[in-house]
Amino acid sequence: MGSTTGADVLASLKHFEKMHHLDPNLPLEELIEVEAALNESNAEKGVEIEQVLVEDNSPYPEVRASVRNFDVDLPANTIRAWVIGLLLCTVGSAINMLFSLRNPTVSITTYVIQLIAYPIGLGWDLVFPDRVWNVLGIKFNLKPGPFNFKEHVIIVVMSNAAYGGGALYATDVIIAQQKWYTDQNFGWGWQILLGISTLCTGYGIAGLARRFLVWPAAMIWPSSLVNAAMFYTLHDHSRSDPLRTNGWSIGRYRWFLIVFTGAFVWYWVPGWLFKGLSWFCWITWIWPESVVVNELFGGKTGYGLLPITFDWTVISGYALSPLIPPFHATANVLAGVIVFFVIISMGIRYTGSWYSDYLPVSNYNAYDNTGAVYNVTRILKGGEFDEVAYMNYSPLFLPTQFAIAYGLAFAAVSAVIVHVVLYHGRAIKTQMKLARSQEDDVHMRLMKKYQDAEDWWYAVLFIGMVSMSFAVVCAWNTNFPWWAYVVCMLIPMIWTIPIGIIQAITNIQLGLNVLTEFIVGYMLPGRPLATMLFKTYSYMCSSQALYFAQDLKLGHYMKVPPRAMFWSQLVASIWSVLVQLSVTNWALGNIPQVCEEHQKDGFTCANQRTFYTASVIWGAVGPKRMFSGDALYSSLQWFWLIGAISPIITWFLARRYPRSIWRFVNLPLLFGGSGWIPPATVYIFLCWGIVGSIFNYFIRRRWMGWWLHLNYITSAALDCGLAICTLVIFFALYLTNTDAPNWYGNNITTQTLDANTSAIKIRLENGQKFGPSVWP
């Protein structure tokens, strides 16, 4: 090899080292080898390292174990994929939308779609012949070879685009309008424009941001690795190599079936037969009437200091599977939970600050000065805020951990911007210049054989959706000024890439819901409908953009043509909007007493009612009365500054000690990784963190081969087994009004102070009140 070539290799390695210097997912031993080659100016060693880390495969062991480093020419954009994909998109959208109105609810996840699409695809092959048809000069083949994993990817991303984030968020606005805001109905045209624009605006942003969130090798998207591993598992039934898996010869497919079956069978125990195993807070069973015991050890409204559960829904229900995030992400989230929600929360709780003696430790409700859940109807008149009624009623009081959660949300929003600029600014600048020319790893090079969905496609989509959104807010009497919509769009345009980078590295998404509520509450006080629209557009735009980006990375890993990904995601999204709006309007018009608290079949619209209540609190009462001036929670505003300054400190420490623990400290995660609290609880996050630490620290360090080969498959199998069993229990038992076994193991879960939100130090008698006599 000539000296010029050697110099080029060392220059390439130098660039690699700069881009990954503080990369927490890159194994330190690999980075040390790179630095050694550079320090010694050893071109020969540099060529060897570059061949292994960049040319032949991904530099990340998780990616190398889950994704093939070669492409296979298989048809993806087929009639078979589109028919099955749209069929499952329709069924899943309808079921998820209908049952989102019900409590208890159930949802069909994309893991379920991924699982059931496989036998449907095989069944298709048994029915249709492999032949070319000619109809009016149009040639097509209903079975262009066996059902393959690229078609399977198209089917799954269609469902994920349609309802991966749950039921259509825009329907919350529609239901709140028609059920709680003086029967306001703008008609089908407005609903369709609202639904499509809220769901698809984020797709335009995701496409334009793919040079930062999809193409770079460092954006590993751990959830996409789980999906990729599961695709290969379903379509490849070969055995494992014991030399690479710590002696395990069992194939991934067989292992998946074993764990899936075990998860399905086991969930009948905590899910139906012995529900005490879910919230296994056994100390509260011994002292069910003790306030202190239920505060300290209660899992539902207390501190959950004995985190033991035998139920995968408790472990993965909010923060998703703990087997997916890398250990450094889990550790940062756990640190934040322990520091803020346990230690600091206890300090506030047991000194009586914020009138915490009169409130539960943790709950997602706001309370009035009698200790009752805040009655928002008492401060409304004709759907608008009535200040006189508010002053005659009560200020808002928040449970200790709920109030802390707002402060942490403020800190996370400011921290993520500073963190990404410091830790990833150089990479973002480079990716901006290189665009599709970047060659981080083998997967990017393999994808260059396919025609890309051009940037202007996504730009046109984004501009079209923004234009549609202007029509939604301006052509109808929404009380939402056009300039507020501009501000609303600036939020996802600024924060989507920073939040996306954090999620791509850690698998944990930081939410913008508090930021959007905070801003609109100051901008448009006393306008609840405008608050709902602002939050729907701003928050959902960012959230959907990240879902789309995650799927684009999945297509990138699986070598699915980008143009097929573009059209499948877009068409599925639009079709899903029509399906979900149809189901919503049918339910509102045909289910008796729908969305009323005592609806006989459980269609109480609990999720939608929470959304409505939040719109009243933030749009009517507003953040000014809660967080500004002399307001009770005004001190939480300091978290904005804490979040902005603290990443600078950790960045300097990480640069000074690049091989120490400081390289793994991620303050946006520490502040915002526990953003589901409430309604999630400390107990849930402690259980999640313990399981994640066992698999991603202890097992990974001791049995690396097993972890690389079977960890993600174990996660997928547990999720799938749980999801299928949940659907069976819901449709076979709950919908038939079958009662669970009546015995101690089921009844005790409802007989403690913790379970009944009654672990409160000071309980008021009728007519008594607490709090200030005058409030803002």
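Begin by selecting Cys541, which counts as buried because its relative accessible area is 1%, and the cut-off for that word is under 20%. As you look at it, bear in mind that this is a predicted model. Cys541 belongs to helix α23, which covers residues 528–558.

Next, move to Cys595, which sits in the loop between α24 (562–590) and α25 (606–621). Is Cys595 buried or exposed? With a relative accessibility of 2%, Cys595 counts as buried. Its backbone deserves attention as well, for the phi of Cys595 is near 70 degrees, a positive value in a residue that is not glycine. To put that in context, most residues other than glycine have a negative phi.

Thr757 is the next selection, and you will find it in the segment that follows α31 (744–747). Thr757 is not a glycine either, and its phi is positive, at about 55 degrees. The relative accessible area of Thr757 is 25%, so this residue is described as partly exposed.

Now select residues 132–135 and 138–141 together, which are strand β1 and strand β2; the two strands run antiparallel and are joined by four bridges. Within this pair, Val135 stands opposite Ile138 of β2. The hairpin has two residues between its strands, and in it Leu136 takes a positive phi near 55 degrees.

For a stop that concerns a peptide bond, select Pro678 and Pro679 and look at the link from the one to the other, which is cis, with omega near 15 degrees. Pro679 itself lies in the loop between α28 (667–672) and α29 (682–702).

Which helix holds Lys18? Lys18 has its place in helix α1, made of residues 3–19. Lys18 is called partly exposed because its relative accessible area is 42%, and that term covers values between the 20% limit for buried and the 50% limit for exposed.

Notes
Residues are numbered from 1 along each chain as its sequence is written. This is a predicted model: local features need pLDDT of at least 70, side-chain atom pairs count only at pLDDT 80 or more; totals for chains, interfaces and linings use all residues. Side-chain values use heavy atoms; hydrogens and water are left out. Buried means under 20% relative accessible area, exposed over 50%, partly exposed in between (1.4 Å probe, protein chains only). Two strands pair if DSSP finds at least two bridges between them.
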